[in-house]
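Dear colleague,

Please find below the structure that I am handing over to you.

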Amino acid sequence: MTRFDRLRLDGVTRRFGGADALTGLSMEIRRGEFIALLGPSGCGKSTALNCLAGLLPLTEGSIWRDDTRLDTLPPERRGFGMVFQNYALFPHMSVQKNVSFGLQMQGVARAEARRRTAEAIRLVHLEEHATKLPGQLSGGQQQRVAIARAVVIEPSLVLMDEPLSNLDAKLRLEMRTEIRRLHQTLGLTTVYVTHDQEEALSLADRLVVLRDGRVQQIGTPEQVHTRPANRHVADFMGYRNLLAGHADGARLTLDPSGVRVTGTPVEPVPDGTPAVAAIRPEDISLDGDLEAVVEVVEYQGREFTVEARTPGGLVLHLRTGQRLTPGDQIKAGFPPDRLLIFPSAPADPA
Amino acid sequence: MRRAIVASPAAWLVWGAVTIFFVGLAGVIGSVVVNSFGLRWFDSWLPEAWTTQWYGQAWDEFDLLPVLTVTILVCLLVAGISVLVGVPAAYVLARRSFPGGRLLYLLFLLPILMPPITYGIPLATVLYKYGLAGHLSGVVLANLVPSIPFVILTMTPFIEQIDPTVERAARMCGARTRHVFGRILAPLLIPGILASTILVVVRTVGMFELTFLTAGPDSQTLVVALFYSMSAAGIRAQQSVDAMAVIYCVMMLVLLVLALRFVNPTQLVARVKEDPE
Amino acid sequence: MSTATVAVRHRLAERGIDRQLLLLVPATVFVVALFIYPFAYGIAVSLQPAEGGMLAAYRSFFTDAYQRDTIMTTLVIALPAALLNVLASVPIAYRMRGRFRGKRVLTTALVVPITLGTVLTAEGLLNFLGPAGWFNRFLTTTGLADAPVRLTNNYWGVFFSLVITGFPFAFLLVLSYLSGIDPSLERAAATLGAGWRQRFLRITLPLLAPGLATTFCLTFVLAFSVFPSAILVGDPSGSTRVISIAAYEAAYVRYDYAGGAAAAIIMGVVELLVISIVLGLRGLLYTGSTAGGKG
């Protein structure tokens, strides 16, 4: 098996017609890592995955497995496994045949193939469904078959393209744990594409956040969560309050209300230039001094999501355990270490 | 809904028109069948006596054995070749977009849109020029002209409904191109291939114009032989012509029943998908 | 494999060109060799008559009334037949678009005449509508007519044969177009207060119209190429001397290949003319999705 220490992407670029779907993706994947490619739809994350898989040729750049150039090889010779969003099981083959297909393609001896197939099916808990056709299985079971099929060939890299997006909420949580467990027990290296930030945060060792085909930030879940690199990443990572204003050191005068807030600049913002203050709904406190009137309240289980408006016309989103009703007066506060300040005329690479 | 049908006068009109059509159809087919079994039938609703002698007579007089052999041979050759040639082309046209793709699609559509006579006459002239017409080979070649595009058109929806990610998944499992075709696509396409084969056979048995223009005396299919015996009316007994017509009819209906096992009736005329709801 | 060839391959692949396109070659060769080339050859032959100038074959076709009138004769048979087939299909298909018991049997029965084809239909019509046939017997016995009505070996024989094979064809097409129109659209119109007439005229018909135009074209092509039935149940030297007979006679009876090719090409041109008029009108209509929103 072609184990590697490092897989290197070097300026991987893919254009469709004239449009750039992915621009200059450079990064290194270490053996055993779980990498999540994260971003809204159309950000280039699936393009990146397909380029890695060999299903899409690169327009520019190269991919290296240690010292071997990979991007000139067709997908069947890269030795990667892939799990597709819609499972892509072979509809005319039983679970067993689906799983053993890759082993047959590799020319693995029959007895060995049978043993490994059974092992893979046992790993995803489908022993009693082994002879069924994919059409007779539920969505979750089909997803397990797809995973078994991808890992049975002991791939040096497993690629997963939004594998959980077709499952319902409960199953999604179960399968998420299952995928992380398999990654650890089999010692896999995984690249996982998703648009669900929560999924990415809980699964990955490192996140790659993409927007408009460009990398916005590469970092650990904690880095991306608490210190998003720019306002777009912040927006995507759940900083629902993005308040426009003008910078003044670590303080910000909000438009158009004139309210002044204190926060943490993520990168230097020159005084007087337009800036954006970002804060998560759950980080806004109710013991501050900014008066606002509650307009909409949504019950969210343990908490309430509240939309409130200040007399100056500023709309705030907050989460609280306190039972509020529309018309209530609140006093919102912004903890300075949770309020991030970004330049709004972005120096971001986009 | 059912009650509305009974009630409204418009519904009566519609069902009346349908009934008249079917009565006419039954009359057309029925009179051929009855005549082929009638001993003498002049001024009455039904023949005076019944017989099967016309069938034996038709069999001998019109040399039906060789004619049937030719018909079957032509059909098998045309269906086989057009599937072999048409399916790969349909695959590429359904899956890929490339410069000139739409133009090529139009090229394949044209032979179906043009009346066979318009291209049949120049085609027959060309085939005669190269010494191909007048034999089985000419008949087969001429019939391939509408059949290959027909296979392409009928196969396209079958190919489109195979999820392309299945092919990618096979590649990710390490399958080479020939494995993708042999192990994944071929098994999934078998229903479609059977359907288009049987449809091509039905169309070829019924194809009059092209066969008529290119067939020689030894390469007539049943429908052309039927035409010749009809246009030479008076020489043979009308009943034995009808007996031959019934044989043709039965052959067609058998094929039709066979075809309908694989496709729904609408697909016989066009590739418009019926509402699966 | 050098980097340069890889780059070229990638650039071609990006435009959709790679070795897989070779699968198209056999089919293209067949169609070009057996359709395009003969057509071009036919045009060339039609421009090289045995005597006269380049256009002599066309000139003689248009100056000889016996030949020229075949265009009109064909149109007079084909246009009304195609129109009747399509127009009759609409109300019938509209009524039958839902699901009901026996729908499959009905559609199957309708395929029978299409499958049997024109030659057998002609034979049946000769028997059924002939002077001693069941139809005339019915008319005279019930007193609807004094003497047998002549319905074969003239215009009507051909017309009926075109209806018998053409109507089911048009009907099945219209039916499939109709079932492609999302029924919830009509339901939506009903909730907005539209009666069935308004629902049909304002919702269903506009969505169906492009399909009707296509159906008309295909039915017209069938009717326009009428050949065996025009000879067998028609009056092939008079009222049903259609253009395909003229082409056939020129090529195979008089061995005037230029004349035959010219007639075949004129036939194709006239047909394409009618079709392009209809499709041109169709272009003015809405031709998008007939599903309601999602899916």
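The area buried between chain C and chain B is about 7,900 Å², with carbon and sulfur atoms giving 78% of it; buried area here is the accessible area (1.4 Å probe) that two parts lose on being put together, summed over both. Please note that this is a predicted model, in which local features need pLDDT of at least 70 and side-chain atom pairs count only at pLDDT 80 or more, while totals for chains, interfaces and linings use all residues. Residues are numbered from 1 along each chain as its sequence is written, chains are lettered from A and ligands numbered from 1 in the order in which they are written, and side-chain values use heavy atoms, with hydrogens and water left out.

On the side of chain C that touches chain B, helix 5 (residues 103-129) of chain C gives the most, with 23 residues; helices (H or I, at least four residues) and strands (E, at least two) are DSSP runs, numbered from the N terminus. That side of chain C divides into 59 nonpolar, 17 polar and 9 charged residues, where Ala, Val, Leu, Ile, Met, Phe, Trp, Tyr, Cys and Pro count as nonpolar, Asp, Glu, Lys and Arg as charged, and the others, Gly among them, as polar. In total, 85 residues of chain C are in contact (heavy atoms within 4.5 Å) with 98 residues of chain B. Between these two chains there are 0 salt bridges, a salt bridge being a side-chain nitrogen of Lys or Arg within 4 Å of a carboxyl oxygen of Asp or Glu.

Chain B itself has 13 helices and 0 strands. Its C-alpha atoms fill a box of roughly 75 × 65 × 30 Å, taken along the principal axes.

Over all chains, the count of salt bridges is 27. In one of them, A:Arg6 pairs with A:Glu28, the closest N and O atoms being 2.9 Å apart. A:Arg6 lies in strand 1 (residues 6-16) of chain A and A:Glu28 in strand 2 (residues 19-30) of chain A, so this pair ties together parts that are 22 residues apart in sequence.

Chain A is divided into domain 1 (6-226) and domain 2 (241-343), with bounds that come from an automatic or database domain assignment. The centres of these two domains, taken over C-alpha atoms, are separated by 39 Å.

With kind regards
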